[in-house]
Amino acid sequence: YAKERGKNTFQFYTHAMTQSACLHLMLETQLRRALERDEFTLAYQPIVDLATGKINRLEALLRWHNQELGDVPPATFIPLAEETGVIKAIDAWVLRQALNQLKRWQEAGHGELRIAVNLSGQALVHQNLADRVAALLEETGVAAHSLELELTEGVLMRNSSAPLESLKRLKELGLTLAIDDFGTSHSSLSALRRFHLDTLKIDRSFITDLPGDQDSAAIVRALVGLAGNMRMAVVAVGIETAEQLAFLRELGCGLLQGFLFSRPLTPLEVAELLARGPMVPPDIAT
Ligand code: C2E
Ligand code: MG
Ligand code: MG
């Protein structure tokens with residue numbers, strides 16, 4: 001009866017088989033075949049420039065639709081892909097796909113547009129990551145400065161010396177690096193000091209209770225200030241209400257991402273949105 005529910009079967013399976021070895025095995029088996037069966041797609045979520053209302057960059061977000069399992073969220077399958085090593089092939093696919101797509105938008109007249117791609121922890125420990133990224137940039141004809149790689153602080157702090165070297169080489173290519181989910185681990189500030197990162201992405205959990213919650217407000221205010229003082233770009237993630245946006249505008253938070261502006265979109269939807277010009281959420285209109 002799960003099958004009848006079609007696309008959204010995954011919710012059913014999670015309830016029925018949470019933690020079960022059966023689900024785990026099924027996920028793993030299907031995940032191993034997902035690439036060759038062409039079951040992945042990328043959705044693209046706009047990140048909007050506060051000053052202009054224009055889409056500054058798009059974050060590529062991986063989607064997996066499987067016949068048996070329905071839509072499986074990345075929070076479920078990415079950790080499994082890391083565990084099983086499948087992530088290496090997935091990372092390469094995502095990067096190539098995202099760069100090819102960006103190239104198409106740029107050629108359609110949006111040359112300033114950038115793309116942000118999430119990188120797994122595994123990617124960083126491959127010594128030849130920078131070489132592989134350089135090869136993909138070359139292959140797709142995308143300029144390095146059009147690419148931002150997003151890393152979580154967990155990933156950055158997980159292992160000792162490998163990332164530092166790897167990140168240095170990536171930056172030498174001319175791309176930029178973002179720290180994602182900022183503020184959610186115990187080592188956020190150490191990560192900031194240790195690595196020279198370009199962009200700070202404030203975790204959605206700090207945005208959710210704005211502007212009413214005094215603690216969230218104080219933290220976000222401090223983080224926007226911190227990013228400014230460190231000459232980093234700052235992105236607020238998870239903006240859903242006009243009140244949250246008003247607060248962030250007041251603070252001068254440079255880049256904005258959230259359902260208020262747009263959900264993750266198909267490439268066609270992105271093209272349509274780009275053609276319409278600057279984004280005008282309710283609050284920016286006035
Ligand atoms: P993330 O990189 O922090 O991505 C932001 C997540 O927040 C996305 O979830 C996005 O859909 C969601 N989001 C954005 N704005 C809003 C909002 O206003 N409200 C709410 N409720 N949610 C919002 P998604 O697509 O489910 O991705 C979850 C995580 O999976 C990502 O978090 C990222 O860590 C990971 N991920 C996604 N794609 C990839 C990928 O290609 N490679 C790797 N390694 N990880 C990926
Ligand atoms: Mg991200
Ligand atoms: Mg996040």
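Biologist: A crossing of two helices is called left-handed if the near helix is turned anticlockwise from the far one by less than a right angle, and right-handed if it is turned clockwise. Of which hand is the crossing of α4 and α6?

Modeller: In this predicted model, α4 and α6 cross in the right-handed sense. Helix α4 covers residues 87–107, and its axis lies 9 Å from that of α6, at an angle of about 30°.

Biologist: Which residues of α4 and α6 make the contact?

Modeller: Helix α4 contributes Lys88, Ala92, Leu95, Arg96, Leu99, Asn100 and Lys103. From α6 come Arg132, Val133, Leu136, Leu137, Glu139 and Thr140.

Biologist: And how many nonpolar, polar and charged residues are in that contact of α4 with α6?

Modeller: Sorted by class, the contact holds six nonpolar residues, two polar ones and five charged ones.

Biologist: Let us step back. How many helices and strands does the protein chain have?

Modeller: The protein chain has 14 helices and nine strands. It consists of 286 residues, and 47% of them count as buried. If one takes the contacts between residues at least 6 apart in sequence, 67% of these join residues at least 24 apart.

Biologist: I would like to look at strand β1. Is β1 mostly covered or mostly uncovered?

Modeller: Strand β1, residues 40–49, is mostly covered, with eight of its ten residues buried.

Biologist: What does β1 pair with?

Modeller: Strand β1 runs antiparallel to β2, residues 55–66, and nine bridges join the two. Within this pairing, Leu42 faces Leu62 of β2. Strand β1 additionally pairs with β9, residues 255–257, in the antiparallel sense over two bridges. There, Asp49 stands opposite Leu255.

Biologist: How many residues lie between β1 and β2 in the hairpin?

Modeller: Five residues separate the two strands of the hairpin, and Gly53 in the turn has a positive phi of about 75°.

Biologist: Where do the side chains of a regular strand point?

Modeller: In a regular strand they alternate between the two faces of the sheet.

Biologist: Now strand β8. Why is β8 described as largely enclosed?

Modeller: Strand β8 spans residues 233–237, and four of its five residues are buried, so the rest of the structure largely encloses it. Strand β7 runs parallel to β8, with four bridges joining them. In that pairing, Ile202 is opposite Ala236 of β8. Strand β8 is likewise parallel to β9, through three bridges. Val235 has Leu255 of β9 as its bridge partner.

Biologist: Which residue does Asp131 meet in a salt bridge?

Modeller: The side chain of Asp131 meets that of Arg169, with 2.8 Å from N to O. This pair links distant parts of the chain, since Asp131 is in helix α6, residues 129–140, and Arg169 is in helix α8, residues 162–173, 38 residues apart. Asp131 is partly exposed at 42% relative accessibility, and Arg169 is partly exposed at 30%.

Biologist: What does Lys168 pair with?

Modeller: Lys168 forms a salt bridge with Glu165, their closest N and O atoms being 4.0 Å apart. The two are three residues apart in helix α8, so about one helical turn separates them. Lys168 is partly exposed at 48% relative accessibility, as is Glu165 at 44%.

Biologist: And which partner does Lys171 have?

Modeller: Lys171 forms a salt bridge with Asp198, at 3.0 Å between the closest N and O atoms. This pair again links distant parts of the chain: Lys171 lies in helix α8 and Asp198 in the loop between α9 and β7, 27 residues apart. Lys171 is partly exposed at 28%, and Asp198 is partly exposed at 22%.

Biologist: Which residues are linked in a network of salt bridges?

Modeller: Glu59, Glu150 and Lys201 are linked in such a network.

Biologist: Last item: where is His126, and what does it touch?

Modeller: His126 sits in the loop between α5 and α6. Leaving aside residues up to four places away in sequence, His126 touches Lys88, Arg132 and Ser166.

Methods
Residues are numbered from 1 along each chain as its sequence is written. Chains are lettered from A and ligands numbered from 1 in the order in which they are written. This is a predicted model: local features need pLDDT of at least 70, side-chain atom pairs count only at pLDDT 80 or more; totals for chains, interfaces and linings use all residues. Side-chain values use heavy atoms; hydrogens and water are left out. Buried means under 20% relative accessible area, exposed over 50%, partly exposed in between (1.4 Å probe, protein chains only). Two strands pair if DSSP finds at least two bridges between them. Axes are lines fitted to C-alpha atoms, for helices over the stretch in contact, and angles run from 0 to 180 degrees between N-to-C directions. Contact means heavy atoms within 4.5 Å. Ala, Val, Leu, Ile, Met, Phe, Trp, Tyr, Cys and Pro count as nonpolar, Asp, Glu, Lys and Arg as charged, and the others, Gly among them, as polar.
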